[in-house]
Structure formats: structure tokens, C-alpha cells
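Here is a set of questions on charged side-chain pairs. Each answer sets a value against its cut-off.

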Amino acid sequence: KGSRAIATNPTPAWAVGERCSARYSVDRVFYDAVVVGSDEASGTYHVLYDEYGNDEWLEPSELLRRKAPTKATTTPPGGDAKSAAPPAVPAAPVPSVPSTPK
């Protein structure tokens with residue numbers, strides 16, 4: 001009897017411009033982001049976080065596909081989009097580098 005190969009699901013590729021949820025390396029929480037680049041050699045993706053504009057390179061396992069919003073989550077009947085939007089989750093602030101005096 002022959003051996004059976006076990007099928008594995010490879011991590012799906014991400015396209016530049018694709019929306020995702022990315023796990024921020026500082027607090028390990030997922031935040032909304034967009035893929036802005038990729039490095040084929042390392043297999044990593046460059047993401048830009050929506051909320052604060054910070055960016056980083058991540059492994060594909062740190063990215064999640066975003067589900068399309070449903071009508072119930074976009075605008076409730078007789079309501080406006082603001083009342084249906086979930087509260088924003090702030091990303092951890094990125095430390096700034098002090099400027100040197102002139």
C-alpha cells in the first residue's frame with residue numbers, strides 16, 4: 001500500500017492594496033491595516049495601520065482577512081453610519097525620537 005500525502009493549506013498570498021487585520025507587534029492586538037508591500041525572499045508583508053499611520057513588516061500568519069461588513073454593521077434602519085460603527089480601538093502609540101537641538 002502506498003503512502004498518502006497530507007494536504008496542507010498554504011498561507012494565502014496578499015496583494016498590495018489589500019485590506020487586512022494585522023497583529024501589531026508591540027501589543028499583539030489586531031488592527032485594521034492595508035498591505036503596502038511584500039518581500040518575496042523573506043515571505044513577509046509590509047503593512048500600514050489605519051489608525052495612527054505606523055507601519056511594520058509581518059509574517060503572513062500575523063495577517064487576517066477582513067470580512068465584508070453587513071448591512072447590520074454599516075447603517076441601521078432609520079439610523080446613520082456613525083451610530084452603527086464600533087468604537088475605534090487605539091493602537092499602541094509609536095515612540096517618537098527626540099529631535100536634536102540646533
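**Salt bridges and burial**

Q: Why is Glu 62 called buried in this predicted model?
A: Glu 62 has 14% relative accessibility. Buried means under 20%, so Glu 62 counts as buried.

Q: Is Arg 28 buried, exposed or partly exposed, and how do you know?
A: Arg 28 has 43% relative accessibility. The limits are 20% and 50%. The value lies in between, so Arg 28 is partly exposed.

Q: What makes Glu 62 and Arg 28 a salt bridge?
A: Their side chains meet at 3.2 Å, N to O. The cut-off is within 4 Å, so the pair qualifies.

Q: Which parts does the pair of Glu 62 and Arg 28 tie together?
A: Glu 62 lies in the loop between strand 4 and strand 5. Arg 28 lies in the loop between strand 1 and strand 2. These parts are 34 residues apart in sequence.

Q: Why is the contact of Arg 66 with Asp 32 called a salt bridge?
A: The closest N and O atoms are 3.7 Å apart. That is within 4 Å, so the contact counts. Arg 66 lies in the loop between strand 5 and helix 1, and Asp 32 in strand 2.

Q: How do you know that Asp 32 is partly exposed?
A: Its relative accessible area is 37%.

Q: Which residues do salt bridges with shared partners join into one network?
A: Arg 23, Arg 28 and Glu 62.

Key:
Residues numbered from 1 in each chain as written. Predicted model: local features only at pLDDT ≥ 70, side-chain atom pairs only at ≥ 80, totals over all residues. Heavy atoms only, no water. Helix = DSSP H or I, 4+ residues; strand = E, 2+ residues; numbered from the N terminus. Buried < 20%, exposed > 50% of the residue type's maximum accessible area, 1.4 Å probe, protein only.
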